[in-house]
Amino acid sequence: MSDNVEASFDYKEIDDIIHARIRLAIMTILITRGKSDFKKLKRLTNTTDGNLSTHLRKLENAEYILVEKCFIDRKPVTSYEVSEKGKKSYLEYLKKLEDLVKL
């Protein structure tokens with residue numbers, strides 16, 4: 001490995017918000033399948049309500065996802081979708097991983 005390659009290898013540049021397994025799964029689901037509700041995300045990620053809520057809040061606080069709350073047949077439904085900032089960050093995350101793999 002040349003000095004140039006070693007200098008460009010900085011794993012700290014990977015986005016920690018997205019890199020956690022559940023958050024990466026959530027972002028990938030929302031990017032590939034579009035807007036999804038809590039039940040669908042829970043089923044697809046195979047995690048608990050509390051764990052999913054924690055990861056969704058982290059993504060929401062980073063402004064990577066948008067949250068919509070409404071009632072359907074008098075039942076509360078929360079839906080999530082990726083924000084423009086989230087799309088950009090997700091693509092940058094994938095690019096950085098790709099760059100690291102190419103080293």
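Colleague: Where does asparagine 46 lie?

Modeller: Asparagine 46 is in the loop between H4 and H5; helices (H or I, at least four residues) and strands (E, at least two) are DSSP runs, numbered from the N terminus. This is a predicted model, where local features need pLDDT of at least 70, side-chain atom pairs count only at pLDDT 80 or more, and totals for chains, interfaces and linings use all residues. Residues are numbered from 1 along each chain as its sequence is written, and side-chain values use heavy atoms, with hydrogens and water left out.

Colleague: And what is phi of asparagine 46 near?

Modeller: Near 55°, a positive value in a residue other than glycine.

Colleague: Buried or exposed?

Modeller: Asparagine 46 counts as exposed because its relative accessibility is 71%. The cut-offs are under 20% relative accessible area for buried, over 50% for exposed and partly exposed in between, with a 1.4 Å probe and protein chains only.

Colleague: What about glutamate 63, where is its place?

Modeller: Glutamate 63 is in the loop between H5 and S2. Its phi is also positive, near 65°.

Colleague: Switching to the sheet. What is the strand order?

Modeller: S1-S3-S2, in an open sheet of three strands with antiparallel pairing. Strands pair if DSSP finds at least two bridges between them. S1 and S2 are the edge strands, each pairing on one side only.

Colleague: How many bridges join S2 to S3?

Modeller: Eight, with S2 covering residues 65-72. Among the facing residues, leucine 66 stands opposite glutamate 81, glutamate 68 has serine 79 as its bridge partner, and cysteine 70 is opposite valine 77.

Colleague: And how many join S1 to S3?

Modeller: Two, and S1 is residues 36-37. There, aspartate 37 stands opposite serine 79.

Colleague: What do S2 and S3 form?

Modeller: A hairpin with two residues between the strands. Aspartate 73 in that turn has a positive phi of about 50°.

Colleague: On to the core. Which residues touch the most other members?

Modeller: In the largest nonpolar core, which has 20 residues, they are Ile26, Met27, Leu30, Leu41, Leu56, Ile65 and Tyr80. Such a core is a set of buried Ala, Val, Leu, Ile, Met, Phe, Trp, Tyr and Cys residues joined through side-chain atoms within 4.5 Å.

Colleague: Which elements supply at least two residues each?

Modeller: H3 (21-33), H4 (38-45), H5 (49-61), S3 (75-82) and H6 (84-102). H3 gives the most, with five residues.

Colleague: What does tyrosine 80 touch?

Modeller: Not counting residues up to four places away in sequence, its contacts (heavy atoms within 4.5 Å) include Leu30, Phe38, Leu41, Leu56, Ile65 and Val67. Lys35, Ser36 and Asp37 are also among them.

Colleague: Last topic: at what angle do H3 and H4 pack?

Modeller: About 120°, with the axes 10 Å apart. Axes are lines fitted to C-alpha atoms, for helices over the stretch in contact, and angles run from 0 to 180 degrees between N-to-C directions. That angle makes H3 oblique to H4, since under 35 degrees counts as roughly parallel, over 145 as roughly antiparallel, 65 to 115 as roughly perpendicular and the rest as oblique.

Colleague: Which residues in H3 meet H4?

Modeller: Ile22, Ala25, Ile26, Ile29, Leu30 and Arg33, and they meet Lys40, Leu41, Leu44 and Thr45 in H4.
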